[in-house]
Amino acid sequence: MVKFSRELEAQLIPEWKDKFVDYRQLKKHVKKIKLALRRSSVPSSSSSSSEDHSHNKDSGGCVDGGYGFSLLDPIRALFYAGGHGRDYSIPADEDNLFEMVIVQSREDEVREFLEKLEVELEKVNSFYSNKENEFWERAEILGKQLQILVDLKELYLEHRRQCHGPASPPAVLSDATSVSGDLETETDVGRPPGEATAATVREERETGITEEAIISTLERNGVSFLGLGGAKAKEFKKTGRLRTATTLRIDIPPTTPARAISMVWEDMVNSSSSRKEGGDCVNRKKLQRAEKMIREAFVHLYKGLGLLKLYSSLNMEAFRKILKKFEKVSNQRPEAAAFSVKVKRSHFVSSDQVLKLGDEVESIFTKHFTSNDRKKAMKFLRPQRPKESHMVTFFVGLFTGTFVTLFTVYAILAHLCGMFSSTATQSDYMETVYPIFSMFALISLHVFLYGCNILAWRGCRINHNFIFEFSPNTALKHRDAFLISASLMTAVVAALVAHLLLRSAGVLSHHHVDAIPGALLLVFTVGLFLPFNIFYRSTRYCFLRVIRNIVFSPLYKVLMVDFFMADQLTSQIPLLRHMELAACYFMASGFKEHPYETCTRSQQYKLMAYIISFLPYYWRAMQCLRRYMEEGYDVNHLANAGKYISAMVAAAARWKYSTEATPMWLGVVIVTSTGATFYQLFWDLVKDWGLFDLGSSNFFLRDELILKNKSYYYASMCLNFVLRLAWIESVMRLNVGLVEHRLVDFLLASLEIIRRGHWNFYRLENEHLNNAGKFRAVKTVPLPFSEMVSDG
């Protein structure tokens with residue numbers, strides 16, 4: 001049977017963890033009461049035991065009540081002689097095996113326990129009340145927003161009916177995904193009379209869509225219009241129009257990075273059209289976006305209500321369990337019964353406001369977003385997570401076994417063919433084939449470590465999907481990541497074996513055989529962009545969107561997943577160089593006689609290699625500057641950008657040293673690389689991991705830790721420091737052969753990816769703990785309608 005403390009820890013909401021009943025601490029208080037009761041009965045029992053001991057000694061020198069002589073009797077006698085006989089009669093408690101506690105008298109322990117219960121009950125009630133009020137306020141705001149949307153859609157559809165006549169098909173006012181497709185034209189709002197054409201005036205008379213209608217609709221729903229006082233108000237009441245354009249707009253915030261540029265472009269188009277045609281407009285596209293935002297807000301509100309109900313039930317069960325233990329240990333049934341009644345009458349148990357609000361949200365959502373289809377509404381409000389299939393596990397094992405077998409075959413064939421020798425033919429093999437296959441190996445290693453990260457985050461109850469804002473239904477699981485890694489490496493090694501067999505058999509020319517790596521690269525590139533819903537299409541497209549956001553990082557709003565992925569790219573610089581070489585080699589092979597020399601010795605290639613070396617750092621620095629501008633000019637973002645700028649300087653110095661190996665540039669490399677390394681170490685430990693806190697109760701760590709064994713953190717800090725020093729190899733320039741040099745490069749690139757995968761866990765742990773401090777368990781969706789302010 002699973003202990004309730006473990007069951008509670010497995011089911012509680014991680015972001016609200018500190019606001020749950022401290023069940024473990026209350027359990028320790030109960031055990032202290034148990035120890036106090038046993039110690040109060042020790043004197044009589046110890047005296048009787050001493051009499052029994054002397055009786056046993058007189059009767060034959062046997063200890064332990066006449067069970068015979070034992071080899072442990074001398075140890076027991078020494079234990080009693082040391083004055084520990086009094087404590088020996090108390091059975092060992094499971095928690096006291098790990099720590100010693102100071103036990104007071106029975107009455108003091110009971111009083112302290114009841115006081116602790118009062119504090120915990122007050123904490124739960126206070127948090128529940130605050131969250132309940134917060135959700136009610138959110139529901140009221142959403143109700144107003146929804147009513148504005150419904151009224152605007154009715155005005156819009158009325159406009160269409162009058163424009164197109166009664167013969168036009170009836171439009172659906174609400175849909176689960178968007179406004180009806182009949183919302184095609186735009187409604188002009190706030191057009192100054194000086195620029196109004198005769199057609200516009202005639203249309204307004206025919207349709208009734210005037211400024212007065214729009215303003216009255218919005219004001220009826222609580223949207224105020226500031227600045228309409230005095231002469232402007234009189235003019236508006238008299239003519240129904242304003243001589244200065246009043247901004248009447250649906251404010252659609254850029255909630256996703258992809259919408260940022262589109263919103264800027266749309267604002268530019270609308271501003272130009274408002275200057276030409278006189279004002280802003282309410283159009284079909286904006287109504288679609290507004291409905292989608294309000295629908296998403298209702299979904300997250302419903303999810304929050306479900307979490308609050310779970311919070312109430314878990315705390316109720318925790319109080320019931322601990323009171324049952326208290327009654328069993330202390331035999332104080334009246335006190336336990338009285339407090340149990342108090343818990344049942346407390347607000348977090350007796351209040352039914354959350355249930356009522358949940359039913360109301362279901363009713364509203366069903367009516368306005370799914371056309372009274374409750375089954376369809378529940379798919380939005382209570383989405384069912386797909387069941388994990390054992391087929392994924394089967395294929396992971398199948399591809400892993402196939403990969404091991406094929407790799408063994410390849411190693412044997414390569415050794416028999418002498419591919420790792422230093423001859424000219426084999427060196428050509430290493431120069432052309434190695435970059436392609438090592439690139440796929442590095443990608444596979446990174447995906448495998450990401451699967452390990454997901455497994456570790458799940459084990460520690462770190463909600464990475466919530467932090468990255470991934471959909472739980474489509475987000476990768478650890479088995480999926482392992483399947484991608486294993487299948488990728490199986491395909492790569494199979495291509496290696498086929499390439500080696502064809503090359504050794506001499507059936508085809510080397511030019512045709514060397515096209516196999518290029519064909520493999522082409523197949524995976526096409527597979528990445530494949531539009532069919534196979535092989536994790538949602539994940540592939542999400543990856544492409546994130547890469548696009550990184551490349552154009554100054555132009556897009558930076559989300560957590562964007563800069564997290566950009567950090568991964570800073571560890572994949574060798575992979576990017578291999579991609580550059582592969583692309584250059586296969587493009588140049590159709591035009592040049594010696595494509596490898598063209599792609600490695602030309603000045604253009606060297607310049608491109610230099611650019612690729614610092615591009616990931618540049619993208620990450622631009623993201624930091626964008627966040628500095630958007631998030632209140634926080635200096636920490638500038639300092640973070642400085643870290644990546646220092647890495648760019650160090651990379652430039654190492655590139656210059658590789659082309660001009662002089663003592664001066666060696667000194668520059670050592671200074672810049674050392675400075676960048678310690679800058680990065682400080683940021684890793686202090687900022688990204690939240691460790692190395694000198695004022696923490698845990699030495700050189702933070703106060704709150706997820707891993708119970710602190711040695712993991714110290715070992716991780718040391719490992720991160722060692723792996724950050726990999727740049728020393730580029731300065732030492734080991735004199736090894738071509739094969740050994742390639743293997744050393746691959747090993748160092750793999751160690752950097754391992755360091756990044758190791759960094760990922762602690763980075764998200766710190767993010768999870770900081771987010772939990774704000775007690776935010778559901779996403780706050782921005783809303784489209786806000787108060788309007790006139791420009792005059």
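Are Trp-16 and Phe-127 buried or exposed? I looked this up and found that Trp-16 is buried, as is Phe-127; buried stands for under 20% relative accessible area, exposed for over 50% and partly exposed for the range in between, with a 1.4 Å probe and protein chains only.

I noted that the model is predicted, with local features needing pLDDT of at least 70, side-chain atom pairs counting only at pLDDT 80 or more, and totals for chains, interfaces and linings using all residues. Residues are numbered from 1 along each chain as its sequence is written, and side-chain values use heavy atoms, with hydrogens and water left out.

Next I looked up aromatic pairs (rings of Phe, Tyr and Trp, the last by its six-membered ring, with centres within 6.5 Å; planes under 30 degrees apart are stacked, over 60 edge-to-face, the rest tilted). The count is 28. Trp-16 and Phe-127 form an edge-to-face pair, at 5.4 Å centre to centre and 70 degrees between the planes. Trp-16 lies in the loop between helix 1 and helix 2, and Phe-127 in helix 5, 111 residues apart. Helices are DSSP runs (H or I, at least four residues), numbered from the N terminus.

I then turned to another group of rings. Ring pairs join Tyr-450, Trp-457, Phe-468, Phe-470, Phe-564 and Trp-759 into a cluster. The charged end of Arg-756 sits over the ring of Trp-759, 4.6 Å from its centre; the rule asks for NZ of Lys or CZ of Arg within 6 Å of the ring centre and within 35 degrees of the ring normal.

Lastly I checked helix 22, where Phe-564 is among the buried residues. Ten of the eleven residues of helix 22 (560-570) are buried, so this helix is largely enclosed by the rest of the structure.

Terms used: Helix = DSSP H or I, 4+ residues; strand = E, 2+ residues; numbered from the N terminus.
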